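Okay everyone, thanks for coming. Let me put the thing up on the screen, and then I'll talk you through it piece by piece.

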Amino acid sequence: MSIPFVSLERVSRRYGAFEALSEVTFRIDTPGIVGLLGPNGAGKTTLLDLLAGLATPDSGNLLLFGEPLGPGSRYPKRRVGVVLQREFVPDHVTVEDYAQLFAAIQGVRAGAQQIIQLARLEGRRHLAVERLSGGEAQRLFVAASLVHSPDLLLLDEPSARLDPVSKRELGELLRRVSEKTCVLMATHDLNEAERVCDHCLFILGGRLRAQGSTAELLATAGASTLEDAFFHFCSARVNPSGDAT
Amino acid sequence: MRALWLLSRLRVLDVLRSRSATFSFLGLPVLILLVLSAVFGGGHPFEVRRVTVVQAPGVLDVAAARLVAYEGVRVESEPDLDVARRKLETRATDAVLVRGSESALRLTVGTKDELWGRGLASLLPDARLELVKLSRFGYVQYLFPGLLCTSVMFAGLFGMGYAMARYRRNAFLKKLSTTPLARSTFVLAQILGRGSLVAVQASLLLVVAIVGFGLRPTLGGALSAALVCAVGLFVFSGIGFALASLIETEAVVSDLINGVTLPFTLFSGVFFPLDSLPKALVQVCELLPSTLMVDAVRSTLLYGAGFRAVAGNLCGLLLWGAATFGISVRLFRWHE
């Protein structure tokens with residue numbers, strides 16, 4: 001049996017009195033795109049933060065590539081790429097500067113050129129990142145997060161604020177990447193999720209409500225679209241084990 | 001009209017809803033007034049006139065001892081005649097008293113101080129008054145090291161503190177924390193980046209001071225001053241780093257830095273010698289990193305002091321740097 005990319009067993013995380021994640025259990029064994037779906041405040045970003053090593057679980061077991069994560073453990077940063085919900089680039093930083101910086105941080109020679117090519121920004125390398133369109137900037141951020149060929153790519157709402165063309169381009173890029181890489185992507189765009197994701201996780205109120213391939217989720221919800229399935233899962237009551245009733 | 005009212009109200013609330021902004025806007029000016037009145041309640045800093053006696057430290061010339069009794073005169077010793085002359089030139093002192101050959105006293109003052117010099121000479125029966133034409137830019141030269149240090153101070157505090165708080169607020173630090181970038185590399189890069197800018201800035205200031213205001217630093221003095229500035233940048237970066245580590249909000253960090261820079265600028269000997277202040281305050285001020293830096297840069301740049309002469313100041317600065325970076329490293333968080 002191969003080592004799973006990601007494995008969570010009854011993982012919980014609280015922020016003060018607020019339970020952001022509660023006893024979440026799932027595993028991802030193969031490359032592909034996994035959509036992380038749920039309404040605002042469902043716990044998607046908290047889950048991504050745990051997987052990105054930005055926070056630690058209060059309880060449960062979280063393993064990346066078979067190695068447990070938690071206090072005192074060494075996070076495998078060289079095997080993970082992260083694109084945050086809102087990426088910030090200091091003023092006047094050009095595409096080339098940005099690409100060079102992230103290539104250098106990841107220790108990839110000629111990585112800057114690789115980032116610019118993957119982002120298809122060869123003609124805009126001397127332009128400040130703040131002057132790129134939303135789609136161009138997002139392509140740059142995704143390309144930079146891939147420069148070290150990570151095994152796991154974490155994306156927090158990568159298509160938010162993108163126009164349809166840019167969304168489709170990003171989806172195509174992620175499809176290519178997902179041939180070898182496990183891509184875990186939080187998104188509110190259910191059409192996009194239906195189009196590009198191999199597998200989806202529905203989170204509601206910090207609990208994992210449902211998971212499976214798009215076809216499995218549609219069958220479980222008795223829905224014809226992922227959007228219908230989303231409303232089905234969101235409106236269903238949740239029992240203590242997190243299962244929909 | 002209603003839009004005008006609402007926008008004006010929003011602008012007011014923008015300040016009043018932030019405790020730090022409210023304090024900066026309303027409380028700080030009152031606090032400054034109170035502090036200044038406490039410090040300068042006894043008179044302005046230039047009311048007390050300085051007489052530099054060229055003699056070994058701790059040995060007070062019998063004639064000079066007579067001057068100590070006067071409230072408006074402060075007597076200090078300086079073993080080196082050239083340094084005493086430079087102090088007169090830069091207005092760090094108002095008169096130089098030296099016992100020349102044949103035990104005659106020579107009292108040197110600037111031409112503008114002739115009247116005061118004659119009065120002073122009348123208290124010293126065997127003194128001969130010498131009037132010298134001083135450079136019109138003497139006080140500018142006195143100010144120059146302080147202004148240089150203020151640039152270093154701002155570069156360190158804002159360059160590190162504000163930038164760090166801003167980067168954290170915008171999740172740029174969070175992004176970096178997901179990469180293998182070492183924290184020390186990031187911090188060092190901030191200092192090096194700012195250091196390069198400060199080096200250019202300081203060089204430019206120095207050229208202007210030499211060409212425009214007659215400053216004549218020795219090579220050794222300039223190099224020693226550069227070393228002090230480098231250490232000073234390290235210290236103030238550490239203070240900025242500590243503030244950014246203690247406080248999350250970018251606006252509060254900015255307000256706090258503004259609050260910190262005021263006493264650093266005012267009570268570090270940038271504009272006037274510290275001994276004009278109340279004694280208890282002087283003891284506190286002498287421990288400030290800004291005072292250690294200003295004092296060392298002034299000694300090296302204006303009076304040609306060597307590295308050894310400012311070693312104590314450098315040690316004090318390094319202690320400040322170690323303490324602030326020690327605190328920062330413990331408190332530092334990549335993200336909110």
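**The sheet in chain B**

So, start with strand 1 (residues 49–54) of chain B and strand 3 (residues 95–99) of chain B: they run parallel and are joined by 3 bridges. Before I go on, this is a predicted model, so local features need pLDDT of at least 70 and side-chain atom pairs count only at pLDDT 80 or more, while totals for chains, interfaces and linings use all residues. Residues are numbered from 1 along each chain as its sequence is written, and chains are lettered from A and ligands numbered from 1 in the order in which they are written.

Two strands pair if DSSP finds at least two bridges between them.

Opposite Val51(B) you'll find Ala95(B), in strand 3 of chain B. The pair belongs to an open sheet of 5 strands in chain B, order 2-1-3-4-5, with mixed pairing. At the edges sit strand 2 (73–78) and strand 5 (127–132) of chain B, each pairing on one side only. From one strand to the next, the twist averages 25°.

**Chain B as a whole**

Zooming out, chain B has 13 helices and 5 strands. Its C-alpha atoms fill a box of roughly 80 × 50 × 35 Å along the principal axes. Of its 336 residues, 38% count as buried, where buried means 20 or more other C-beta atoms within 10 Å of the residue's own, exposed means 12 or fewer, partly exposed is in between, and C-beta atoms are placed from the backbone.

How does chain B split into domains? There's domain 1 (49–132) and domain 2 (138–331), with bounds from an automatic or database domain assignment. Taken over C-alpha atoms, the centres of the two domains of chain B are 34 Å apart. Across the boundary, 7 residues of domain 1 of chain B are in contact with 8 residues of domain 2 of chain B; contact here means C-beta atoms, placed from the backbone, within 7 Å. On the domain 1 side, helix 4 (residues 81–89) of chain B gives the most, with 3 residues. By class, that side divides into 2 nonpolar, 1 polar and 4 charged residues. For the classes, Ala, Val, Leu, Ile, Met, Phe, Trp, Tyr, Cys and Pro count as nonpolar, Asp, Glu, Lys and Arg as charged, and the others, Gly among them, as polar.

**A helix pair**

Now look at helix 9 (residues 219–246) and helix 12 (residues 289–303) of chain B. Their axes come within 8 Å and cross at roughly 170°. That makes helix 9 of chain B roughly antiparallel to helix 12 of chain B. Axes are lines fitted to C-alpha atoms, for helices over the stretch in contact, and angles run from 0 to 180 degrees between N-to-C directions; under 35 degrees is roughly parallel, over 145 roughly antiparallel, 65 to 115 roughly perpendicular, and the rest oblique.

Who makes the contact? From helix 9 of chain B, the residues include Gly221(B), Ala225(B), Val228(B) and Gly232(B), and from helix 12 of chain B, they include Met293(B), Ala296(B) and Val297(B). The class count for this contact is 10 nonpolar, 4 polar and no charged residues.

**Over to chain A**

In chain A, strand 1 (residues 6–15) pairs with strand 4 (residues 59–64) in the antiparallel sense, over 5 bridges. Leu8(A) stands opposite Leu62(A) of strand 4 there. Strand 4 of chain A also pairs with strand 5 (residues 67–69) of chain A, antiparallel again, over 3 bridges, and Leu63(A) has Pro68(A) as its bridge partner. These two strands of chain A form a hairpin with 2 residues between them, and Phe65(A) in the turn has a positive phi of about 55°.

Helix 1 (residues 44–51) of chain A has 8 of its 8 residues buried, so it is largely enclosed by the rest of the structure. Lys44(A) and Asp49(A) are among those buried residues. Just after that helix, Gly53(A) takes a positive phi of about 80°.

Last stop: is His148(A) buried or exposed? His148(A) counts as buried, because it has 22 C-beta neighbours inside 10 Å. You'll find His148(A) in the loop between helix 4 (134–145) and strand 7 (152–156) of chain A. Leaving aside residues up to four places away in sequence, His148(A) touches Arg78(A), Gln106(A) and Val108(A).

Key
Helix = DSSP H or I, 4+ residues; strand = E, 2+ residues; numbered from the N terminus. Contact = placed C-beta atoms within 7 Å.
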